[in-house]
Structure formats: structure tokens, C-alpha cells
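Morning, everyone. Let me put the model up, and then we will walk through it piece by piece.

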Amino acid sequence: MVADIHIALGALVIAINLIAGVWGLLVWRRRLPAGRAYAQVLAASQTVIFGQAILGLLLLSQSLRAAQQLHYVYGLLPAGLVIFAWSARRADHLRNVLIFSIAALLAAALATRALTVSGILG
């Protein structure tokens, strides 16, 4: 049951981070105000990353292991990206949007790779 939720949430991590990343790049490129909707999508994308990490730790506590150890690296790096993005914020709004967008796109790529090395996608 928890493993199925972990897989579904992994797909959500990929999808919502792709949306947040592309949306943010459009905001940055066109020098538009990010707006409340973008901020909420970005917050949701970061929240599902940490939710996914917590579910992964719950699976580990139940002695359920991934097929490859590399899955844990790809699974935890997105949380590190979120922490990095928040620590790299400055007064420049557009720079912050760019950093968060790049972090979201990298998180989507890492989550895709985590699914691949788990044996689910590849």
C-alpha cells in the first residue's frame, strides 16, 4: 500500500516539478510577475518532494528496499535541491524564480531517474 502511494507520488513529483520549472522559466524569460498561482504551484512541488522522501523513509523503516542503492541518491537529491534553492535566495525576484525553476526541473529529472533505477520505468 505505502509502496503504491510512493510510486504514484513519484509521478506527481515529476509532473508538478515540470510544470513549476517550465512556468518559472517563462516568468523569468518574459520578466513577468510570478503571481500567487505560480507561488502555490512551486510550494506544492516542493511539498510533494518532501512527502515523497518521507514515504521513502517509511518504506525503509518497514525493511522494504529499492532494487538499486542508487535509487536513494536520486530520491533524496530533490530535497537537497529545495533546501539549496531556498538558501540561495536574494533580493532579486527574477533571479529567485530562475533558481527555483532550475531546481524544479532538476528535481523532475532526478525523480524520473529514481523511478528508472527502481525498475519501475526502465
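Start with Ser63, which sits in the loop between α2 and α3. Helices here are DSSP runs of H or I, at least four residues, and strands are runs of E, at least two, numbered from the N terminus. Ser63 is exposed, because its relative accessibility is 56%. On that scale, buried means under 20% relative accessible area, exposed means over 50%, and partly exposed is in between, with a 1.4 Å probe and protein chains only. The phi of Ser63 is near 60°, a positive value in a residue other than glycine. Why point that out? Most residues other than glycine have a negative phi, and most peptide bonds are trans.

A word on the source. This is a predicted model: local features need pLDDT of at least 70, side-chain atom pairs count only at pLDDT 80 or more, and totals for chains, interfaces and linings use all residues. Residues are numbered from 1 along each chain as its sequence is written, and side-chain values use heavy atoms, with hydrogens and water left out.

Now the loop between α1 and α2. Arg31 is found there. Arg31 is not a glycine, yet its phi is positive, about 55°. At 62% relative accessibility, Arg31 counts as exposed. Pro33 is in the loop between α1 and α2 as well. Its relative accessible area is 69%, so Pro33 is exposed.

Take its length. The expected span of a helix is 1.5 Å times one less than its number of residues. For the 18 residues of α3 that gives 26 Å, and the end C-alpha atoms are 26 Å apart, so the two agree. Where does α3 bend? The bend is at Leu77, by about 25°, and a proline, Pro78, follows within four residues. The bend at a residue is the angle between axes fitted to the seven residues ending there and the seven starting there.

Which residues of α3 are buried? They are His71, Tyr74, Pro78, Ala79, Leu81, Val82 and Ala85. Keep the helix geometry in mind. An α-helix has 3.6 residues a turn, so residues three or four places apart point the same way.

Leu77 is partly exposed, because its relative accessibility is 40%. Together with Leu70 and Val73, Leu77 makes a nonpolar surface patch of about 220 Å². Patches take residues with over 30% relative accessible area and no salt bridge; like charges are joined within 9 Å, and nonpolar side chains (Val, Leu, Ile, Met, Phe, Trp, Tyr) within 5 Å. A salt bridge is a side-chain nitrogen of Lys or Arg within 4 Å of a carboxyl oxygen of Asp or Glu. Areas come from the Shrake-Rupley method with a 1.4 Å probe, and for residues only the protein chains shown count as cover.

Next, aromatics. How many aromatic pairs does a search of the whole structure find? It finds 2. Trp23 and Tyr38 form an edge-to-face pair, 5.6 Å centre to centre, with 65° between the planes. Trp23 is in helix α1 (residues 2-30) and Tyr38 in helix α2 (residues 35-61), 15 residues apart, so this pair links distant parts of the chain. Rings of Phe, Tyr and Trp (its six-membered ring) pair if their centres lie within 6.5 Å; planes under 30 degrees apart count as stacked, over 60 as edge-to-face and the rest as tilted. Trp23 is partly exposed at 29% relative accessible area, whereas Tyr38 is buried at 3%.

Trp86 and Phe100 form an edge-to-face pair, 5.1 Å centre to centre, with 65° between the planes. Trp86 lies in helix α3 and Phe100 in helix α4 (residues 93-117), so the pair ties together parts that are 14 residues apart in sequence. Trp86 is partly exposed at 41%, and Phe100 is buried at 8%.

Last, Ile14 in helix α1. Ile14 is buried, with a relative accessible area of 14%. Ile14 and Leu110 are 96 residues apart in sequence, and 8.6 Å apart in space, C-alpha to C-alpha.
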